[in-house]
Number of protein chains: 4
Amino acid sequence: MTTRRFAPEIFHNVLGALEPVARFANGERVIVETVDAWGFDKSGVRRQTPPNPMSGPFYIEDAEPGDTLAVRIEAMTANRDEGWTFGPAATNVVDPAYAASLPKRERVLWRLDREAGTARLIDPPAALARFEVAFAPMLGCFGVAPPLGQAISTATSGAYGGNMDYRRFGPGTTAYFPVFAPGALLFLGDGHFCQGDGEIVGTGIETSFEVELTVTVQKGRKIGWPRGETRDCLFTLGNARPLDQALQHATTEMIAWLGQEFGLDPLAASHLLGQTVRYDVANVFNPAYSVACRLHKSVLAALA
Amino acid sequence: MTTRRFAPEIFHNVLGALEPVARFANGERVIVETVDAWGFDKSGVRRQTPPNPMSGPFYIEDAEPGDTLAVRIEAMTANRDEGWTFGPAATNVVDPAYAASLPKRERVLWRLDREAGTARLIDPPAALARFEVAFAPMLGCFGVAPPLGQAISTATSGAYGGNMDYRRFGPGTTAYFPVFAPGALLFLGDGHFCQGDGEIVGTGIETSFEVELTVTVQKGRKIGWPRGETRDCLFTLGNARPLDQALQHATTEMIAWLGQEFGLDPLAASHLLGQTVRYDVANVFNPAYSVACRLHKSVLAALA
Amino acid sequence: MTTRRFAPEIFHNVLGALEPVARFANGERVIVETVDAWGFDKSGVRRQTPPNPMSGPFYIEDAEPGDTLAVRIEAMTANRDEGWTFGPAATNVVDPAYAASLPKRERVLWRLDREAGTARLIDPPAALARFEVAFAPMLGCFGVAPPLGQAISTATSGAYGGNMDYRRFGPGTTAYFPVFAPGALLFLGDGHFCQGDGEIVGTGIETSFEVELTVTVQKGRKIGWPRGETRDCLFTLGNARPLDQALQHATTEMIAWLGQEFGLDPLAASHLLGQTVRYDVANVFNPAYSVACRLHKSVLAALA
Amino acid sequence: MTTRRFAPEIFHNVLGALEPVARFANGERVIVETVDAWGFDKSGVRRQTPPNPMSGPFYIEDAEPGDTLAVRIEAMTANRDEGWTFGPAATNVVDPAYAASLPKRERVLWRLDREAGTARLIDPPAALARFEVAFAPMLGCFGVAPPLGQAISTATSGAYGGNMDYRRFGPGTTAYFPVFAPGALLFLGDGHFCQGDGEIVGTGIETSFEVELTVTVQKGRKIGWPRGETRDCLFTLGNARPLDQALQHATTEMIAWLGQEFGLDPLAASHLLGQTVRYDVANVFNPAYSVACRLHKSVLAALA
């Protein structure tokens, strides 16, 4: 059977209970085209205005409120040769008194070598003439329709996912979202060729993609915040400001996960995490910051 | 020449301009004994009350205000068979409404197998019967006398270092501190057998150590916040609350470093960091939180 | 002409671009009935589930994106004899380590004496047997449809208004909202018989109301955040977490206002505010906190 | 008996366990001269460098750790004709992206009319030609020696007091500080002719003063944070970043106070505060921000 391919006609600036543009079977593997954060597609044609135009929503059969939607990112293929970023660092990631001395914010272009899997600034400052970064693709913004019939800007994020800009949301990772609406209503877009922690310039290297996904409904699995699984790690995502609160959400969700699925009560979970936990600052730029609480699977495997 | 060994008679609960207990030559390699965070030494004898009793201060010859003190951690040898931690997770690292459901805070003991380089809970909950963690030693609290003749509790941290609880401050790492007082006045202690990110239970595995150090004065090198260097990475430390501000300090200091020593102006530094930076949440427990802004040296090496 | 009276049939849990339930003329004075934060109406009948069911949306003739909607609260009449609050103080307004010692959260009832203009706990603890508070009504949640076609929960707030819980949004105050959608789409509800600063128990004294309003479109007046005007003061509202960011939004908006309408450049505005500004912590409970930056009109009057 | 007058020879930039410059009897009323935040005295002579040079420390007879020191501010007399402020608003009180557009920070002078009780900019921008502010004096920085033998910069604050910059610390107010060292060791200075909430330009109108005080030891009264009492109100001060944490400290301390001295358990205290509490943003500029939790005495009086 061929993998279905979906190239959207319209793109949305919110995650919400909008009319589905397609229906995917529970367990189906699909390919979805995405435009970049400003709405430019693989041909460089602008298809929608910012912020972060989304492909979707996709109605996932069998998904009902109270379930969890598993979205495995099978592959991400950049489908044009140019990306862009902003510079300098955002005013909110440096000392306030220093921010005033930063140069004006500007957009710069990167040449994407898709064969070699590298990106280079097209017109670099001299000091960066040899600077190149490796292809490490990720979805900046994806998630499901939020609760209460809300429709929320793709600039921000919450328990339903959204603009988390976490660099581990790339190929090989399975993301888990709580389902709030019938069919879950999956949205995705804002692909990055690569990105550092925190998205401190306000962007990864923004470009358009073909994203291959497998979507699976986990009936009756209740989660509170986005979770994820890489080959090596489990993680939870908290989305809020300040970072402190994002970290609190993520940590609470990880303790819940260890209790629900690994038999660790909060005290045991604390002893475990206290000596082994890792935190990632996913984004420290968007209206809601994102922090991941991450645990190596080997730690859990060794308990058995 | 034998490495000098220093076993303190007294221990301090502040970093400040106190009477030096010894003088080290610029470039000298020394061994210093440290007690644990509650003041227990290698024999289990309490030598001082909390918080984090320090060995020192050590007067470093040639160090004057405006210089930088480089402290290379050559080795850390745990010198007793028992450590301790707290549990559960601290109330400030979980959602406020969830915190009330946590069990009471208690101190638990770990058996340290110094041969094998592992630690295990002495009386583990059943689910953690097989849980063990590897030896990954670090200094929780170290630094120099702060400016203005201040003397500041070892519970907290600042531009002078202090209780940063960063797990990368272990053997092989060189820490850099701004010098504010003649002789710099180095303090150290609060060794951890290991520790997760954030020190979320309020402790690493606390025990006593022999710490081997090389101290070197970098004349006229001006830095604003603690910096460090591992085999693979450079990093800067920001100490403040909330995490947002700690991250701002660390990022600003890293941009300064890239300008001063690597020829990158703020815009070039931003392009570089934007796609390659890593942040570590060193501690999210102490009065001042600590965030590291970290960069792989390979990124800089590839520029040349 | 009689003031039009509007008693809604349906109530919404979001502010968004929903179907208007009525149209008001530019400059019209109207009376709107509101239910309480849990949806109970004047007869104690539950009309909608939480959070904060809204009356509206009301389409205001002439209002277009880029305008400002002025909503003068002419009067608020509590229309039943009972209100309710929660206790104890929310876990996020006390020290995290202290929060665990608070008693369980519970809902308590108040007898509203509408003649006397006082409220008393129906079943007070002994120490509060004589405790009564004066009628000082306010709208906890009101505002307009947010930008981008968003629909956002009435639990939170933003530039469009929403759940700000500011005690100065009572009779005699004019609120100003930026218009993002045709007709502005005014929503209102969540009336409080009274409320302390910060809404620290998570509620004011919640009850149902008749609210008398005059709605006026200010063509071409561009504002960035909700503003307001009492008999004596001007104020701006910032809505965000942490309080620091809410205060930043409010202060920036006040400096903008002083520039746009009072001829003060940012330096002059700073000299003025530095010695005369007042800040109010409107709410420190909701997902977005609210801070008002407030200035006595007499300060401005004396400049002329 | 004449009130003793104390004109210091030396001034300190820390609060700590320094050598007392005078001893005051328990209950004594004294007059102390203070220099301004940059160390300029009544004659315009610089007596010490910043930050906030303190008069003191004063040893108060009978004060021992565990007691409370009551400092009643009887009167504050500005003793020169000039004051100064900074402008524009600090970068940390406006939106980060807006901060870059502010003009450069500069110091400006004010003419103090001590007869009339007013201050005016000496060289005002045209728009402020008629701007004057009324004399509302306050102590920006005062407190006692902190615990653990610490000596902490007068730029910041903590449980021991320090640079709180709260405009209600003026004549008629009694401040209460926890005593950590024998004799309490009172420091004071940084007087302001007046100041807005938040000290958002980084200063009040800074000038030198004669401060008349009565110091009284409250044996065995244990408090956790600075408290205060005006003619009409009780308040508690929390000092920390972000504002959220400062507010948590202040609220927790107020609940403790209501329990210790007014017989209200935490639930009753919450019902009371929920509808009546006021918060003041004392300072949002210093390394530690300060928030006051304030309650009208009339609320408590009506309970009896």
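A: One may begin with what counts as touching: two residues are in contact if their C-beta atoms, placed from the backbone, lie within 7 Å. The model shown is predicted. In chain B, helix 2 (residues 243–262) lies across strand 18 (227–229), strand 19 (233–240), strand 20 and strand 21 (289–296).

Q: At about what angle does helix 2 of chain B run to strand 19 of chain B?

A: Helix 2 of chain B runs at about 140° to strand 19 of chain B.

Q: In what order do the strands of the open sheet in chain B stand?

A: The open sheet of chain B has 9 strands in the order 1-4-17-6-15-18-19-21-20, and their pairing is mixed. Strand 1 (4–6) and strand 20 (278–283) of chain B are the edge strands; each has a single partner, so one side of each lacks a neighbour in the sheet. On average, neighbouring strands of this sheet are turned by 25° against each other, with direction ignored.

Q: How many bridges join strand 4 of chain B to strand 17 of chain B?

A: Strand 4 (residues 29–34) and strand 17 (residues 209–218) of chain B run antiparallel and are joined by 6 bridges. Within strand 17 of chain B, Leu213(B) is the residue opposite Val30(B).

Q: Which residues make up the contact between chain C and chain B?

A: Each chain contributes to it: 8 residues come from chain C and 8 residues from chain B. On the side of chain C that touches chain B, 6 residues are nonpolar, 2 are polar and none is charged.

Q: Which domains are assigned in chain A?

A: Chain A is assigned domain 1 (4–81 + 135–218) and domain 2 (227–301). Their C-alpha centres lie 22 Å apart. In the contact between them, 21 residues of domain 1 of chain A meet 19 residues of domain 2 of chain A. The side of domain 1 of chain A that touches domain 2 of chain A draws its largest share, 3 residues, from strand 15 of chain A. By class, that side has 7 nonpolar, 10 polar and 4 charged residues.

Note on methods:
Residues numbered from 1 in each chain as written. Chains lettered and ligands numbered in written order. Predicted model: local features only at pLDDT ≥ 70, side-chain atom pairs only at ≥ 80, totals over all residues. Nonpolar A, V, L, I, M, F, W, Y, C, P; charged D, E, K, R; others polar. Domains from an automatic or database assignment. Helix = DSSP H or I, 4+ residues; strand = E, 2+ residues; numbered from the N terminus. Pairing = 2+ DSSP bridges. Axes fitted to C-alpha atoms, helices over the stretch in contact; angles between N-to-C directions.
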